[in-house]
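Dear colleague,

I am passing on a structure for you to look through, and my notes on it follow below.

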Amino acid sequence: MAVDTLVVSGGTPLIGEIAVRGAKNLVPKAMVAAVLGDEPSVLSNVPRISDVEIVGNLLELHGVAVSTGATPDTLVLDPSSVEQAASPDIEVHAGSSRVPILLCGPLLHRLGRAFIPNLGGCRIGDRPINFHLDALRQFGAVVDKRPEGLYLSAPKGLTGARIHLPYPSVGTTEQVLLTGVRARGVTEVTNAAVEPEIIDLICVLQKMGAIISLDTDRTIRITGVDHLGGFIHEALPDRIETASWACAALATGGEVFVRNARQVDLMTFLNVFRRVGGEFQVTQEGIRFWHPGGKLQSLAIETDVHPGFMTDWQQPLVVALTQATGVSIVHETVYENRMGFTEALVRLGAQIQVYSECLGSTPCRFGRGRYLHSAVVAGPTSLRGAELQVPDLRGGFSYMIAALAAQGRSIVRGTGIFQRGYENFLTKLEQLGAQVEPVEKV
Ligand SMILES: CC(=O)N[C@H]1[C@@H](OP(=O)(O)OP(=O)(O)OC[C@H]2O[C@@H](n3ccc(=O)[nH]c3=O)[C@H](O)[C@@H]2O)O[C@H](CO)[C@@H](O)[C@@H]1O
Ligand SMILES: C=C(OP(=O)(O)O)C(=O)O
């Protein structure tokens with residue numbers, strides 16, 4: 001069972017080594033891709049996180065045989081008996097992850113119908129699914145929205161479509177990929193997202209027999225095929241977890257070697273890390289991140305789609321910026337409501353003010369609303385322990401970093417959510433010398 005409250009005694013630099021495994025934002029989607037094949041697939045480098053467990057359970061409910069492969073971090077997914085499960089069973093997974101929406105295309109191809117329970121995921125904005133549904137309708141799907149979830153059918157099958165995304169949505173690009181690969185004819189999606197996890201998903205689909213090309217202008221073209229086989233694939237490492245530990249090393253004045261971290265997926269992050277004053281060394285085995293001593297520098301940054309600075313890196317970085325000298329500006333342009341976590345950091349002693357204006361160099365979609373999506377962080381500030389309630393996955397991690405950097409004791413509640421994206425979170429903290437104690441009730 002997940003530990004839900006941690007008592008953190010801060011003020012000690014994190015020093016040591018941890019390892020990351022496959023990306024949370026790829027592994028469950030590669031598992032969904034396996035449904036499209038008519039042979040078993042083998043996925044390795046699978047982390048033990050709850051999103052993997054949830055999607056594994058969902059796939060089993062649809063008749064996919066999910067088992068452990070040759071090593072404990074390998075999954076074998078056999079879709080040869082895919083069938084539609086009764087909706088009450090599937091509803092158990094309502095509100096637990098965002099990945100179930102990606103089952104639409106694969107289930108429609110395999111069964112002609114699908115039931116998708118209401119989605120979960122972090123509450124960092126409204127997170128509508130209108131782009132997904134518009135795209136599915138363009139393929140010929142009929143969507144019936146009910147309180148318990150989505151019922152979909154494809155009375156005439158699914159046909160390739162020309163889809164323009166109003167915004168380069170990661171999930172919708174994946175939706176189009178997972179639907180287009182088996183649709184009749186050609187699908188073209190413009191303004192597509194090209195995050196490394198999407199490229200890895202394309203690699204998975206290509207191994208299965210799909211024909212997918214990516215143009216320089218972020219147009220993805222998919223030629224539908226009649227049949228897909230299985231895949232053997234090692235998931236790319238988690239670049240969000242890597243950046244989280246890097247920020248923890250910087251904010252606590254420590255040094256962390258992240259085994260398996262891959263430079264190519266982290267280039268933008270590494271540039272920012274260096275601009276703030278952090279140092280890193282890339283090796284064959286991973287990346288070492290450390291605080292070199294002396295002052296950290298403030299900066300102005302905005303989150304963006306890849307290859308921009310990823311929104312999921314933003315919250316941990318903000319904590320590191322509380323230790324930088326001068327005024328930093330952070331403009332969140334991907335989600336309208338991802339700055340709420342700063343309120344608790346202020347209680348720890350951080351000087352952060354949030355604004356509804358776009359404080360970055362480029363105005364974003366949220367500038368005309370009343371969304372507090374820009375932050376001004378003044379530093380350096382000494383942080384002191386406090387009681388904290390985890391708001392979401394990355395916001396929660398940023399609270400942990402702040403608590404570890406702060407003098408004194410913090411009580412962090414709601415830490416069970418870390419299971420969604422940080423494998424063996426507590427063990428890793430212990431490996432880095434953090435003074436953290438799980439408690440039943442405080
Ligand atoms: C499981 C997973 O991979 N989650 C990641 C994925 O989320 P997810 O795929 O949900 O994020 P999207 O890229 O789709 O969302 C980006 C923006 O598009 C908007 N939007 C999206 C879909 C839609 O139908 N309508 C709409 O308006 C969203 O509200 C958001 O403002 O990409 C995000 C952006 O890199 C990451 O923060 C998440 O960690
Ligand atoms: C926002 C995130 O994930 P999800 O889309 O699964 O909520 C995240 O990983 O930070």
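Predicted model: local features only at pLDDT ≥ 70, side-chain atom pairs only at ≥ 80, totals over all residues.

Residues are numbered from 1 along each chain as its sequence is written, and chains are lettered from A and ligands numbered from 1 in the order in which they are written.

Of the 22 residues around ligand 1, those that come nearest are Asn-25, Phe-131, Ser-169, Val-170 and Gly-171 (a residue is near a molecule if its C-beta atom, placed from the backbone, lies within 6 Å of it). Helices H5 (130-139), H6 (170-180) and H10 (311-321) each supply at least two residues of this shell, helices being DSSP runs of H or I with at least four residues, and strands being runs of E with at least two, numbered from the N terminus.

The shell around ligand 2 likewise draws at least three residues from each of domain 1 and domain 2, and among its members are Lys-24, Arg-98, Asp-312 and Arg-394.

Elsewhere, four strands form an open sheet of mixed pairing in the order E22-E23-E1-E24, where two strands pair if DSSP finds at least two bridges between them. Strands E1 (residues 5-10) and E24 run antiparallel and are joined by four bridges, and Ser-9 has Gln-435 in E24 as its bridge partner.

Best wishes

Notes: Domains from an automatic or database assignment.
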